[in-house]
Structures are given as C-alpha cells and as structure tokens.
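Thank you all for coming. I would like to take you through one structure this morning, and I would ask you to keep the picture in view while I talk.

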Amino acid sequence: MTNAPVIEIPPTVRGLEPGEVQARRAKGLGNPPPPPTSRTYGQIIRENVFTFINGVIFFLGLALVLVGRPGDALVSVGIISLNILVSVVQEIRAKNTLDRIALLTRPKATVIRDGSAVLAALEDLVVGDTLYVAPGDQIVLDGRVVEGKMAVDESQLTGESNLIAKQVGDEVFSGSFCVNGSAFYTAEQVGSASLANRITAGAKQFRRIYTPLQNEVILVVRIVLFVVVFMEFLLVLNAVLNAINLGDTIQHSTLIAGLVPNGLFLSISIAYALGAVRIIRYGVLVQQSNAIESLSNVNVLCLDKTGTLTTNRLQVAALHPLAVSETELAQILGDMMANATTQNKTSRALGEKFAGEKRAVAGEIPFSSARKWSAIAFRDEGQGSDDKNKRDPKQARFKPGIYALGAPEMLQPYLSDADALDSPTWRKIALETHQLADRGLRVLLVARHPATTLQDEGDDSRLPRGMTALGLVSISDELRGEAREALSRFVQAGVSPKIISGDNPETVRALAKQAGLGNAPLVSGPELDGMDQDQFRRAAADTTIFGRISPQQKQRLVQALRADGRYVAMIGDGVNDVLSLKQANLGIAMQSGTQATRAVADLVLMDDSFAALAPAVIEGQRIVNGMQDILKLFLTRITTMALVILSALVVGEFPLELRQGSLVTLFSVGIPTVMLAIWARPGVTGRGTLPQRLFHFILAPVIVTTVFALLVFYGTLVGQFFLRGGSVNLTAEMITPLYPAALFTAQSTLVAFLVLVGLVTVIFVEPPTEWWTGGDPLSGDWRPTLLAVGLMLAFFVIVLLKPLRDIFAMDELGLLELGTAATAAIVWLFLVRWLWRKRAFGRYLDTKDLPD
C-alpha cells in the first residue's frame, strides 16, 4: 500500500486498524484477487494442441505408423507439431509480457486505515473498510455512504445513463463510479457477493472476442472443413470401389485433412497478441484483443483538449478584477478552494496559487461538465458569537454569500441586470475573455450573490439571479511537445482529427493552431443545441474544433460520426469522456486519467502521450495487411489443391504423395506466411471489403493453376509412360512395372510446378514493381521477392540431392521434367497477370464492384 493524495478526513471517519484488518481477513471477509485477464498456460496449450483437425492428423499419423509408413507419419505430424510449438511459445511470451504490464493498470482504492488515507490493491480490502471516492473514481466494493454526498453513474450495471444521487445511508455498488461530489463509504460485500460480480459472473474472465477479420477466417475454415469432409467421403468410396490398399488410403486421407487451415485463426490471435506486445514499446496497453484491428480501421480521431492535447499541468496566468480589488479576488478564490470538498485539476491549481481560510459553509455545488460551473455558499460567521469581524481585519473584508466559479457565458444568465449582455460590464468581460482565449488561455468568471442558501441538485442545479461579476481568472495549460507532430502523422495516415472540449471555443482554436491545425472550422455546444438532426450530422462531419461541449454532446457527436460510416476512436481522460468512449469504435484512455475512463477503454496510453497512437495505428494496419496476405496464400493453395485432387480422382489417379504435399505446403505457404507476417507493410487495406479483395485475388490463380496442374500431371504421366517403353498394345503384365515409375515422376513434376507457382504467388501478393501489380496494389518491398527466389533455389537443391529427395518422396527430375514445370509456371505467370489486369473473371461474373 502507498500513500494516497491528501484528502480531508472528517473526525467521524477513522477506518479499521491493522489488527482489525487481519482479523477480518482470517474470518474470510477479505476481498479476493481479481480474476486473470488473460488465458492460463493450460488454456493456451489446450487451444493450440487439442483441436479437432490436429486430433485427426495425429490419429492418421499413428495409423500410418501401424501400417508400416513411419516416414510419411514423421513428415506430416512433424511439420504440424513444429507449427504448434511456435504458436504456443509465441503466445506464452506475449501473455507474460502483457500480464506484467497489466499489473501497472489495475485499479486501486483510497482506503482509510487508522485515520490515514492510503492507496490499496483491491485484494487488500476487507468488509468494514472505509473507502473514499472522488469524481472519476470507481466504486470497487458494495457498501453504504457514511459521509459526504455524490452523484454516481450506474450505467454499467443498469444500462441507464442518468446520474444517481447518493448521500449518507444510501447503498453504492461496485461497477459504478463517482461523477460529481465526493464521499466516504463502508464496504459491506466483497468478492462474488458484490452486485457487479453477481450480474457479470464470469464476465471478467478471459474470453475470446472475435474481430471481423477473425470471423471471416472462421467462416473460411468452416467452409473448407465441409469440403474436406466431402472429399474424404469420396476418397473412402474410391478406395472401396477400386480396392486401394489401406496404407495408401490413410496417406491420402491425411493429405486431404491437412488442407483445413485450422491454425489460421489461431495465427491471427497470436499476431494480435504479438502486436499488442510491440505496441507496448510505444506506451500503449491493449485491454481488448480487437483493439489492434480497430486501430487499423480508424479514420476519425476525437480527442479532448485538457489532458490529451495539453499536459493538464494548469497554472494561474493572471487575475482580472472587475468589482473588487485583485487582493480581494485572490482571497475569495483562496477561500473557495480551501473549503471545497471536491477537487479537480483547476481547483488544485487555484488552491496552490491563492491561500484561503476555513469558513462556515452553508452549501456547495461541485463542478459539473454539463453546466460548466461550481458554487459554494458561506454563512455569516459572526452570527451567534462574538463579533469576530471587529477583531480581525481579514474577517472584516469577508462577505458571506454564494460564490460561483465557471465559464463566463454559462454564468451570464444568473448575473444582475447591471451585467446584462448589452451592459458595459459584460462587453468588457466578453472582450477580455476573447482576447485571453485567443492566447490559448482558459478563462473563468467569479460571481457572488448575497444569499446563503444553496441546494445541490446535480446537473439540474441553479443559481439565484442577480449575481455580481467580481472578476476573471485566466489559466494556462501547456501544449504537449509531441502534439503537433502527432497530429501531422495522423493526417498523413488518412485519419481526421477532431478536438472536442468543454473549454471556450476560441481557447480550443488557439491551441489547435499551436498544434498545427490552422484555422480549422469551429462550432460551439450552444450552436449544436440549435441544430436539427441533419445539421448536427453535417457539423459533426465537417467541423474540426468543438468548444463548450457537454458530455452528452460528445456522445452525440461520436454517434453521428459512426452513423455516417466513420470508424471513430475517442481519447479521453476524465469522467466527462466516459459516455463518448463507450460509444466510439475504439475507446482510448490516459493512464493518469480517472479509473472510470481506464475501465471502459480498449487501449490505455501508459505514458499519457497520444503521440504513441500514430505508430500504434501503423502497427495495426501492418498486422491486418500481413494477415490478409497470409489469407490470400492459404486460400489460393487450399482451393487449388482441393480442385486438383478432386479433378484427378475423377480421372482416376491421386496426384500427390503425403510427403510431397507437405513439401508444397512448406514452401508455398509455411515459410512465406511467417515472413510476410513479419514484413507486413502499413497503410490502408485497399478498396472493397475483405471478401471482395480475397475473391479478386484468388479466383484467377486457382482456376489457371488447377487446369495447368492437371495438364502437367497427366501430360507427364502419359509422356513418361511412353518414354519408358510403354505403348497402347502392352498387356497388363507389361504395364505394371512401367506405370508406377511414370506416376512417381509425374507426381514429382507436379510438385515442382505447384511450388514454383506458389512462390510466384508470393511475389504477386507483395508486388515489388508496377509490372507485378494486378492482384494486389504496388508494395515496393523486395524482401518477399528475394524470399521467393531463395526458396526456389532451395527447392532445386532438394531436387538435386538424393537424401533430401527421399525425405519428401521426390523422384529425380531431369531437364525435360524441370523444363515442363518451369515452362508451365512462366505461361501461368503471364496468363494470371493478364486475367487480373483485364478483370476477366470479374466481368464474366458481373462483379463490377471488385477492386482493380
């Protein structure tokens, strides 16, 4: 436990002593540790190893061993085991890193122990502890208010967004958070007995939330699985009708089962986990797995000014007295801050600058982001006692009454007729406010009314009419050093920034200019209130700067942007940002922000720098682009292999041995996909939806490859048969020794062709020059091309060396066979490129919405 921020503890609040805490914990009244936020090691191993397809392949591998084919079993099971090992190791490493970082963001509670306030982890709390909450703090245990009053948001429990007033004796529930005011409450329920845990039993445990990309992959896997089951049925039927031996049947069945890309969506999950680890380097903690994909789709970034665009290190710039002297105005501000029960960054800055005295408080209305002001009422301290005003000159200057502090335009309706909109005093206030705001300063008005009765009614609170404007106070905030560069990087990445603030619009615009946004369009909250739905929607889309915005208006702006088809990220740090964070596609909180914002956010900026999001957006785009490239290769390989096998079965011969299929998979998919994930480039994902882009890419190579593969296989089979002395007049006894050798050569030639076109496809996925474009837009990255060339050379080494050929059941190929495979691959290259560029299949199928 550590010391909490300094708070004023009433004499009636003492809290538990250390001995009492230990005794209650011994009785089982302690709060248990929070449940794990990530999967356990056992879950990781189970979900990677014990999948349905893995089970099928392991079973078939065992069957191959039993029928005397251990080599086939070793190659097929060995390759999939290697993939499993890599996946498990990567995910465990990611888990360890994320768990260590997550410890830093776990919420803590301010608990009163033996008359002192300390910050304690949730598992250190017990029944009977007295806890303190201020605006933005989570209520972490069910309990009852014992001192103070506040307004809480229980929307996460009830779904209702209305604030609920809480005072002494009222129940409070974990899962809610304080919005206005402050209070002490005593914990009555811990652990599973709390209301939040009863409502959301198990909801805080790890659960896999599938992203749109993952859903597409799962759909693909299910479709492929259906096709594979049908192919296995045909295979068994063929084996029965043609009396194929059991060993060959098991071998062929294993090859077909391997077509199911069962590790594909696990690969995506691992890519997201590794991406989350990489993003931590920039100071961004991922709290939802789909946040990385969301980052790649963001095209509108909404951000608050205070604490996001600025450092939230507030300093008093100057006092601007109107009806009192500067000294009196300073004393009034000091007294207001010294007696306020609820503090925020503004009140702390004023309290540090101006010393005040304790006064007799008759009432208080804490600051609200909705109404933009706070107020406190002081009663006459001389009533019912000696005349202190005569003895103390300072007291003589003190005047009882209601003192309000807030935005000038929000307090103006409560001012006296002498300070009306057309009065010289208000014109002076407006002019000075405008001039100060143009310098990027926040401007607050201090006003007074002689009455001493003040009723707190939350956001509906009102002040008496006839208040006197006493003076203005200007407050400066420091623009973050990285703000200008960060906003520029967002714009370059195609993301439109929008600054949404509760401050004066001119102040926000001045800071936006400093951040490099120039004379961006501006709209104020009152102007939005006067708009109909269409005008509001257009203003949300076309405006960059929004000032004097309430939390509800922030929420409406985000909703309007999403309804307009924008993918919206929202950055916030205060309790006034919670509503809009929950409405955004992606909620982002500052680490130094309130517990409430961190609780609802998908991402947390650990270093409080939104500049970290620029590289994080690029990282998200990079991950999604890499996974799309992997999908293209997988689907092209799977669909082609399925069609080749089906077509060959119709004609009557199985085209590949099990180990040969493993070689094709390793070179055309296995190695390239790993490297493509590492080398994936950032940038927009391209035109059209993901299914459209995948369909456009795979259709031409799948059809052309299937046709060419059958021609190569059966052409080589027939050619080799005759080259080895076969003829149409040979008897069955004479054909028997010739045909298997010809079949083995034809299968090996087909492997060479499939490997070559698979590696050329890798180049088409990431075109290094304009010549290679057609299936995908220009990448300019030569690394995939060099990888493909290197793997081609490695494949030819395997073909040339007998020990390596034997591992993958490859025949020795001569110049004729290699020339056949290479010639077919070259013709394939030009034909597929031409079909892509002419969009031949798209035009034939009348799918004009396919991307070029």
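This is a predicted model: local features need pLDDT of at least 70, side-chain atom pairs count only at pLDDT 80 or more; totals for chains, interfaces and linings use all residues.

**Salt bridges, cores and one surface patch**

Let me begin with a pair of side chains, those of Glu 188 and Arg 144, which meet in a salt bridge at 3.2 Å, N to O; by salt bridge I mean a side-chain nitrogen of Lys or Arg within 4 Å of a carboxyl oxygen of Asp or Glu. This pair links distant parts of the chain, with Glu 188 in strand E8 (residues 177-189) and Arg 144 in strand E5 (residues 142-153), 44 residues apart. Helices (H or I, at least four residues) and strands (E, at least two) are DSSP runs, numbered from the N terminus.

Residues are numbered from 1 along each chain as its sequence is written, and side-chain values use heavy atoms, with hydrogens and water left out.

Are the two partners of that bridge buried or exposed, or something in between? Glu 188 counts as partly exposed at 35% relative accessibility, and Arg 144 counts as partly exposed at 31%, where buried means under 20% relative accessible area, exposed over 50%, and partly exposed in between (1.4 Å probe, protein chains only). Arg 144 and Glu 188 are also linked with Glu 171 in a network of salt bridges. Side chains of opposite charge can pair when their charged atoms come close, and the structure holds 17 salt bridges.

A further one joins Asp 335 to Arg 359, with the closest N and O atoms 3.0 Å apart. Here again distant parts of the chain are linked, since Asp 335 is in helix H12 (residues 326-339) and Arg 359 in the loop between helix H13 (345-353) and strand E12 (361-368), 24 residues apart. Both Asp 335 and Arg 359 are buried.

Staying with H12, its 14 residues should span 20 Å at 1.5 Å a residue, and its end C-alpha atoms are 20 Å apart, which agrees; the expected span is 1.5 Å times one less than the number of residues. Among the buried residues of H12 are Leu 329, Ile 332, Leu 333, Met 336 and Met 337.

Turning to the interior, 55% of the 852 residues of the chain count as buried. The largest nonpolar core has 120 residues, and those with the most contacts inside it are Phe 610, Leu 613, Phe 753 and Trp 828. Such a core is a set of buried Ala, Val, Leu, Ile, Met, Phe, Trp, Tyr and Cys residues joined through side-chain atoms within 4.5 Å. A second, separate core of 24 residues includes Val 179, Val 558, Ala 560 and Ala 584.

Finally, the surface: Leu 219, Ile 223, Phe 226 and Val 227 make a nonpolar patch of about 400 Å². Patches are made of residues with over 30% relative accessible area and no salt bridge, like charges being joined within 9 Å and nonpolar side chains (Val, Leu, Ile, Met, Phe, Trp, Tyr) within 5 Å. Leu 219 is found in helix H7 (residues 212-242), and it is partly exposed, with a relative accessible area of 47%.

Technical notes:
Accessible areas come from the Shrake-Rupley method with a 1.4 Å probe; for residues, only the protein chains shown count as cover.
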